[in-house]
Amino acid sequence: MTDLWDGLSRAFWLVVTLDAELVEITLRSLQVTISALVIASLIALPLAAVLAVRRFRLRRAVIAVLNALMGLPPVVVGLIVYILLSRSGPFGVFGLLFTPTAMIIAQVIIIVPLIASIAHQSLRDLWTEYHDLLISMNVTQTQKVKTLLWDARRALLTASLAGFGRAIGEVGAIMIVGGNIDHATRVLTTAIALETGKGEFALALGLGFVLIGLTIAINIATHWLGQTETEGRW
Amino acid sequence: MTQLFPLKVTGAESRRRGKLLVGPVDLELGPTGTTIVIGPNGSGKTTLLSLLHGTSRLNAGQVTWACSTEDARRHQSFVFQRPVMLRRSVVDNIAYPLGLRGHDTKTARAQATEWAIRVGLGDMLTRPATVLSGGEQQKLALARALISEPKLVFLDEPCAALDGRAMREIETILTEVKAAGTRIILSTHDLGQARRLADEVLFLKGGLIHEQGLAPTFFDQPQTSEAQAFLKGDIVE
Amino acid sequence: MKSLAALSFALVVLGQAVFADVMKLAVTTSFHNSGLAEILLPEIKNDLDLDVQLLVVGTGQALKLGRSGDVDAILVHSRKAEEEFVADGSGTFRREIMYNDFVIVGPNADAANVGSASDAKDALQRIANAKARFVSRGDDSGTHKKEQNLWSSAGLKAGELGDWYNAVGAGMGAALNTASGLNAYILSDRASWLNFGNKGDLAVLFSGDPVLFNQYAYLPVNPEKHTHVERDLALKLEKWLTSDRAAKLINGYEIDGQTLFTFNAKPPSQ
């Protein structure tokens, strides 16, 4: 119980005094995860839209694979990315291992299936609604995709935020490919793992509460957007 | 000037899972007036309209326009029995077809506003279209179908789910539109509506056209027994 | 949406911008947990304008990182493995820097009576006889290898001990956490122990046997094997680590009045 209290007071103190290291670590967490989110969304959302409107032979297989990839253990993704980016690996020349870029790459791989799956479901439902009308209006494939993406934008944002939640709390993959280097690749989750390993529970808890606070804030934002969806029925 | 008509249909058939829904149908439609496709429920009215419009596949036969099929598609619109609303505002819904044709948002919205006022939706321009009543949505659908100034409008039982007042508003707009020269092909099972609007009647039963003719002839001197039974008010399958 | 993307990309790019020289050094968890790095790194930054990025891993992984060229140099404490590292051409040479010692830590009650052991292997023998709970690093690290050697010298095989022997496969801090939680015996380097924040009911029960001597060495990764490594920076760091300045900082580092490391480097021949 004292640990918990220590943690809370530590967290409060860190936040209120805008502890330099906490700020640096938090900003890096956000930098890595937001970059990963933007890149992953740019890949996943159009992919989901194309899967929703295009008929092609392997469509069902692709969707099944996408859903299965959601269950990919993040730490395994980290291991594979590590092997690929290591100097003795195929992409070693880029020297990306143990950099924030490597962490972004790993997180993108982890959250693209998640965002694509959720988005695809919403887009598919919307397409079923719009199908007769748009076909009757002779829309091109591009116009189909653009219309769906725009009209489903709130659901797509929810999908993206789900990806954000998955990424910001991830620790296994980014620990492996980032190396948890102080002032370089240390983020909230890896810092928590580190401090716990040093027996510094109060500090670890403090960081943990900051991370929880961040995640709750994002979730509230998601809910708020979702509410607007049911009210105005956009 | 693209001429869609005469529209010639020969031996057209539509099947689903092997079962014949409509056909074989032979038909020729001229360039003016309002054609009402009438018949009991389940006679294949929706399928016939989709065949003509091109959204349903022909399993046999031909549908030939006076111009190319592509040109024809670009100059027609379709109003569904149950209106499909885009998840946007009223004005953005109406403006949508103009956006597809490359108009910029400002011009499109301006024209859509005019049409919205014309169909009586002028005071709900920014409301989400999905919260409108059935009648309001159908009026929106009609405005949306007409904003691109099509030469031909299909309407598939547009007033089936509407109350009398909404129906009257829609019919008023249709009359104006017809006066402006737009060709209308409308399906209904409502005899009263048919009498009010038709210049020409196609009587459909069991997927086949049993009778085709000018409105006065059809209503006063129906030729076939099925048509007679239908007009008398018997249940016709 | 677009401005958010632009901001993010800006953050990414700026995040990568580096102004000082940078090199990657793999160090063992034991070294890191001692806290000495917090003293040395800022001084290195000041004196050499060099950012040493530390990858804190077990000796096994440090050697692997050196072999694959993912770091520029390593600092470990496992002599045999280091000599192999140089012998197979992965490292240029082995430069001894400093040493500390290992201690046997256990519950205050000391049921196995390790406190009155005559030497290290006797201490472990007593633990085995009493079947007292013991936590092992189990991660192929320098500490782990030392522990296994001690078991052998006591005539015991680490792999054939009973349920009281717990191999956790983790770094020093995590292993100490487990020992604290289980109230078990554990072999730890003194520096990590002194710096550990969750001691619980544990205390140092045995130390001082010369066989518990723990030498740290610095090995630059061979630039002939991996042409991209920061060869000059690695040599620069070596020079600093073997200098009087480093000697002063290392010898002067204390926790609770105890010196943790003893500097014993000979500067590289000019």
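This is a predicted model: local features need pLDDT of at least 70, side-chain atom pairs count only at pLDDT 80 or more; totals for chains, interfaces and linings use all residues.
## Who touches whom

Start with the chains. There are 2 pairs of chains in contact, and the pair with the most contacts is A and C. Chains B and C, on the other hand, have no contact joining them. Their closest C-alpha atoms sit 19 Å apart.

## Chain B at a glance

Chain B has 9 helices and 9 strands. Its C-alpha trace spans about 55 × 40 × 35 Å along the principal axes. What about the radius of gyration? For 237 residues, a compact globule would come out near 18 Å, and chain B has 18 Å, so the two agree.

As for the inside of the chain, 53% of the 237 residues are buried. Now take the contacts in chain B between residues at least 6 apart in sequence: 67% of them join residues at least 24 apart.

## Zooming in on F230(B)

F230(B) is part of helix α9 of chain B, which runs over residues 225-232. Is F230(B) buried or exposed? Its relative accessibility is 8%, and the cut-off for buried is under 20%, so F230(B) counts as buried.

Leaving aside residues up to four places away in sequence, F230(B) touches I38(B), G39(B), P40(B), H189(B), L191(B), F203(B) and V236(B). One of these partners, L191(B), is 39 residues from F230(B) along the chain, with 9.1 Å between their C-alpha atoms.

## A helix crossing in chain A

Over in chain A, the pair to look at is helix α3 (residues 59-69) and helix α5 (residues 100-136). Two packed helices are described by the angle between their axes and the distance between the axes. Here the axes come within 8 Å and cross at roughly 130 degrees. The crossing of α3(A) past α5(A) is left-handed.

Which residues meet where these helices touch? From α3(A) come R59(A), I63(A), L66(A), N67(A) and L69(A). On the α5(A) side they meet P113(A), A116(A), S117(A), H120(A) and R124(A). Sorted by class, the contact of α3(A) with α5(A) has 5 nonpolar, 3 polar and 2 charged residues.

Conventions. Residues are numbered from 1 along each chain as its sequence is written. Chains are lettered from A and ligands numbered from 1 in the order in which they are written. Side-chain values use heavy atoms; hydrogens and water are left out. Axes are lines fitted to C-alpha atoms, for helices over the stretch in contact, and angles run from 0 to 180 degrees between N-to-C directions. Helices (H or I, at least four residues) and strands (E, at least two) are DSSP runs, numbered from the N terminus. A crossing is left-handed if the near helix is turned anticlockwise from the far one by less than a right angle, and right-handed if clockwise. Contact means heavy atoms within 4.5 Å. Ala, Val, Leu, Ile, Met, Phe, Trp, Tyr, Cys and Pro count as nonpolar, Asp, Glu, Lys and Arg as charged, and the others, Gly among them, as polar. The radius of gyration is taken over C-alpha atoms; the globule rule is 2.2 Å times the number of residues to the power 0.38. Buried means under 20% relative accessible area, exposed over 50%, partly exposed in between (1.4 Å probe, protein chains only).
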